[in-house]
Amino acid sequence: MLELETISHWFESSGATEPGQRVLNNISLTLHQGESLALMGNSGSGKSTLLQIAAGLERPQMGQVKLTGELLYQLADKRLSALRREKIGFVFQQFNLLPGLTVVDNILFQSRLSKRAVDQQWLNHLMAELSIEELKHRLPEQLSGGQQQRVAIARAIAHKPCIVFADEPTGNLNDSLSHSVMALLIHLVQEANSSLLMVTHSAAMADYADSVLKLQQSQLIAAATA
Amino acid sequence: MTGWPNSIASRLVVSHALAGHYRRHPLQALFLFTGIVIATVLLVATQLINAQAQASYSKGTQLFEQNPIGYLIGAQGQRQFPMASYVALRRQGFDQLMPVLHHNFQTAQHGVIAVMAIDWLSLQAAPLPSSQLEQQTLSQLTLEDFLLPPYRLMMSSTRMKQLAVAADQSIELANPSETLPALIAAPDNSGIGHQALMDLQALQDISNRQGMLSSVWVFAMSDQRLQALQQQLPPDLVFRPATEPLSQAALAESLHLNLAAMGLLSFVVGVFLAFNAIQFSYTDRQPLLRRLRLSGASQRQLYQALSIELIVFVILGSAVGYWLGAWLATLLLPGLGQTLAQLYGIYISYPNKVIADLPLLPLLMTIIAALLAAIVPMRQVVRQPLLNRYRQQTAQHQASIRDRQLLVIATTCLLLALAISYWASNLWHGLACLALVLLGGALALPAALRMCLQLAQRLVPSNKPLLQWLIADSRWLLGPAAISLMAMTLALVANSGLNTMIGSFRAATLDWLEQRLAAPVYLNLADGQRQLGDWLSQHAPTIEIAERHTIQHSQQRHIEIASLPPMAPFRNSIHLIDQVTNAQQLFAQGQGIYISERHHRLDGADIGQTVWLCDSAPEVTVLGIYHDYGNPRSQWLLDESLLRQCWPQHIGQSTALLTSDGNDFDWPKLITAMSDSGLIKPEQIIDQQQIKKIAMAVFDQTFTVTEALNGLTLLVAGIGIFCATSAIHHHRVRQQAQLAAMGVSQRQRLIMILSQWSLLALLSMSIVWPFGTLLAWVLASLVTPLAFGWSFSTELVWQHYPILALLALVCVVIATLWPSWRLHRVSIASLLKEVDE
């Protein structure tokens with residue numbers, strides 16, 4: 001499903017090319033269909049960078065990323081964008097809903113972009129599970145933080161992607177809300193038969209995933225699975 | 001710790017923290033600086049140009065700082081007279097006289113060089129001591145060069161630049177048998193302005209007018225001496241006092257007011273941009289200001305820090321704006337000089353650099369406007385609540401409220417404009433109406449755009465997500481972009497209105513010229529009508545000669561009296577706007593006059609009134625009012641019989657030829673025969689088409705400066721859009737990151753950014769077109785009649801509107817290209833990093 005092969009990365013501005021100075025050093029990981037993986041690490045450890053590399057958003061200095069058999073960084077922007085539309089879903093820390101579009105338009109945005117027919121049953125199910133049915137015609141600015149994050153989750157899963165990337169999905173939520181949102185995310189990802197690669201600094205949130213890896217000194221260390 | 005050093009230190013800390021924002025967002029600093037510069041530049045430029053012209057007017061007609069008190073000119077209106085008359089006066093001991101000859105030459109590039117020739121030695125006899133005069137001029141020229149063959153043609157450096165010639169070069173003339181001497185740069189105090197200066201004898205030889213003069217300048221002398229001079233004048237000369245400086249200024253007042261209005265328009269656009277920039281920078285620093293407050297900085301300290309920051313921007317921006325304005329004034333001054341020369345016969349001097357007096361008024365206006373523009377945003381940002389949730393919701397909601405408030409103000413402006421247009425009685429009312437229409441249009445724009453976008457959003461099908469987003473995001477964009485769009489709208493409405501007005505005016509003038517040019521051929525004869533008459537009666541007996549006389553009213557010096565030849569084509573060429581019963585019949589009988597529209601509108605004259613014409617015709621009735629486009633003077637038109645009552649010996653200034661039976665005639669053959677016979681020179685013949693061409697060239701020239709300023713204002717607005725897109729760049733990052741992550745390609749994102757601004761520009765046409773048309777109506781029906789006394793109907797040329805839309809589109813695309821490209825080139829990961837910060 002998702003394969004990262006010997007990924008090494010450093011930022012050009014730092015000029016750090018020695019292994020000891022890299023953000024990511026020779027990292028490999030594989031994520032199978034339907035699996036969920038949490039990446040943990042201290043602030044500045046490079047976990048978000050790794051997530052972005054895995055999602056095809058930042059080209060690594062060394063190494064390859066394969067998603068459903070396609071080498072991401074050998075694809076032209078047009079093909080890569082198409083891949084993102086069809087096979088990837090994103091959940092950001094900052095919710096990042098499109099202001100000016102209603103909740104339902106936000107949710108269906110990526111589906112419509114990939115010109116897929118809307119699975120109304122799936123959409124209704126998502127909205128029911130996330131308790132956002134009554135918010136259908138509201139604008140993002142009229143929603144609370146928790147409501148916005150639930151809409152963001154719906155948007156990420158509405159088109160049944162192969163994989164969902166979530167960068168600190170509960171970072172802006174309080175504890176009780178974080179647990180309910182995380183539980184929903186895991187449940188819905190499983191229902192959609194998608195994989196999940198999630199970055200979090202919270203061990204409690206990481207425990208929801210099938211397995212947890214930790215980024216430490218630019219290396220990936222296996223941690224206890226759920 | 002207490003004491004003033006510590007309070008200064010704490011202020012510095014606060015200022016330093018606030019100024020750090022501009023290190024991260026240097027484009028916002030540039031945006032604010034640019035707005036202030038723009039507000040100052042054109043305001044300073046137009047004020048300097050007007051001040052230079054006013055300084056010229058106040059000095060009156062001058063030559064090397066010598067002011068004549070009057071002129072000796074042909075008593076019967078003849079444009080030249082024998083030099084012997086002047087010589088006779090000199091022999092009688094009248095030394096303070098200077099002979100002058102004027103001649104216009106056609107250049108090979110179809111321009112006109114107005115040359116004035118003088119007797120240099122007579123100039124030295126003027127009140128200024130000759131040694132002082134020589135000291136002023138000899139540093140620039142050798143007297144012998146000027147006085148002796150091959151002679152020199154003196155011209156101001158500015159005029160030479162305008163003609164693209166340099167010193168020691170000669171100007172190529174249309175007539176190859178005429179050659180002007182090589183050029184020499186005039187000294188700064190020459191006062192010759194748009195004209196060229198040369199030796200009298202040299203011009204008499206070149207123009208083949210040996211022994212002739214156009215006028216004699218009379219320099220200061222005692223009253224008794226002047227009286228004696230007037231008594232000794234030969235019958236062919238008459239003394240006319242020098243034109244009051246005030247009347248020159250009054251004549252050109254409207255032109256200068258128009259320039260000032262353009263300067264003010266640009267000032268308003270610049271203030272809009274500065275206000276926009278101030279708002280952006282304060283809004284972006286809201287979190288920073290909150291943190292400073294939470295850290296213990298007082299509101300007073302924040303006010304002080306922000307005020308100092310603003311004052312620094314204003315001082316720097318105003319200084320640069322002044323320098324650029326002065327440079328622009330130097331560039332535009334020759335254009336104005338040419339307009340004044342061609343339109344009003346006024347010659348202003350061209351200094352080598354524009355007046356150095358610091359124009360305090362524009363600088364003060366910019367400083368006050370910038371400070372006023374900052375008051376409300378500064379207050380809002382300093383006094384904001386320390387805990388501020390749902391900022392985005394608040395900002396959008398506030399933007400919506402603001403747009404509704406602006407719509408209310410816009411409506412008020414339009415109602416006021418309507419009221420003023422009904423009661424307007426002077427140019428200031430007209431300009432106020434103009435300003436209200438302009439402002440109303442600009443202020444109505446955000447609400448109009450919001451309504452258009454709301455409607456568009458309802459019409460977009462749900463299976464077009466990018467289009468949905470484009471329109472929804474455009475509504476968000478209205479918040480930060482409204483003011484720069486309003487500035488662009490101001491410029492476009494002004495552009496549209498002016499273009500429509502100029503087009504309508506041009507069409508009216510052309511129509512009017514077609515009607516008024518009753519004769520196919522006109523002759524530029526100094527005199528010699530009798531010889532012409534004799535020749536024609538032998539060789540072309542069906543040809544009639546019509547003379548046209550122009551005389552200045554002896555008491556009301558601003559009125560020009562002109563005669564209408566009795567032939568039917570001339571009678572029929574006058575279309576009256578208003579008339580008494582049987583006006584034409586009474587006019588033909590010499591029982592009344594027609595007055596020009598300008599005289600009616602600006603001097604208050606009306607049909608049915610009686611006026612004093614001369615002692616022999618003390619009470620003459622005004623029978624009708626006619627259009628007289630392009631004439632800056634009020635005019636009376638009379639039948640030749642009435643003219644002869646007052647001025648029996650007057651010689652006509654221009655001569656027209658027409659057939660007595662109205663049939664077709666072989667004019668080219670006649671003209672060739674007249675030239676071959678030596679009766680007239682080819683350059684003395686002017687056909688109808690040529691007159692129209694010259695008249696329309698003067699017309700176009702009149703608006704050159706206005707159009708240049710109009711174009712500059714549009715450029716200014718484009719700069720505003722550029723600054724706005726650059727300043728809100730980091731606000732767009734969030735959107736771009738989301739779209740990129742969801743699979744919108746780089747190309748699609750670039751197209752969408754450009755499309756968004758293009759959509760806003762095109763939707764702005766919903767305001768530009770109607771308000772531009774309204775502005776054109778105000779200009780045509782209110783301002784121009786009040787300013788110049790000329791009225792005409794507004795003609796809408798539909799082709800103009802899509803061209804304007806295209807112009808707006810091009811302006812916006814160019815202005816947003818680079819900021820859009822920047823956004824387009826940033827990697828998604830970088831976009832996401834900026835979002836998370």
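Modeller: The model is predicted. In chain B, eight strands make up an open sheet with mixed pairing, and their order is 6-5-7-4-3-9-1-10. The edges are held by strand 6 (182–185) and strand 10 (237–241) of chain B; each has a single partner strand, so one side of each is left without a neighbour in the sheet. On average, neighbouring strands of this sheet are turned by 30° against each other, direction ignored.

One residue pair can be named here: M155(B) has A185(B), in strand 6 of chain B, as its bridge partner. In general, strands of a sheet pair through backbone hydrogen bonds, either parallel or antiparallel.

Helix 3 (residues 83–91) of chain B lies across strand 1 (70–74), strand 3 (97–106), strand 9 (215–218) and strand 10 of chain B. Relative to strand 3 of chain B, this helix runs at about 160°.

In chain A, S195(A) belongs to strand 8 (residues 195–199). S195(A) has a relative accessible area of 0% and is therefore buried. Its side chain reaches the backbone oxygen of H32(A) at 2.9 Å. Leaving aside neighbours within four places in sequence, the contacts of S195(A) include M1(A), L31(A), H32(A), Q33(A), G34(A) and E35(A), together with C162(A), I163(A), V164(A) and V189(A).

Methods. Residues are numbered from 1 along each chain as its sequence is written. Chains are lettered from A and ligands numbered from 1 in the order in which they are written. This is a predicted model: local features need pLDDT of at least 70, side-chain atom pairs count only at pLDDT 80 or more; totals for chains, interfaces and linings use all residues. Side-chain values use heavy atoms; hydrogens and water are left out. Helices (H or I, at least four residues) and strands (E, at least two) are DSSP runs, numbered from the N terminus. Buried means under 20% relative accessible area, exposed over 50%, partly exposed in between (1.4 Å probe, protein chains only). A polar contact is a pair of N or O atoms within 3.5 Å; within protein, one must be able to donate a hydrogen and the other to accept it, and residues adjacent in sequence count only if both atoms are side-chain atoms. Contact means heavy atoms within 4.5 Å. Two strands pair if DSSP finds at least two bridges between them. Axes are lines fitted to C-alpha atoms, for helices over the stretch in contact, and angles run from 0 to 180 degrees between N-to-C directions.
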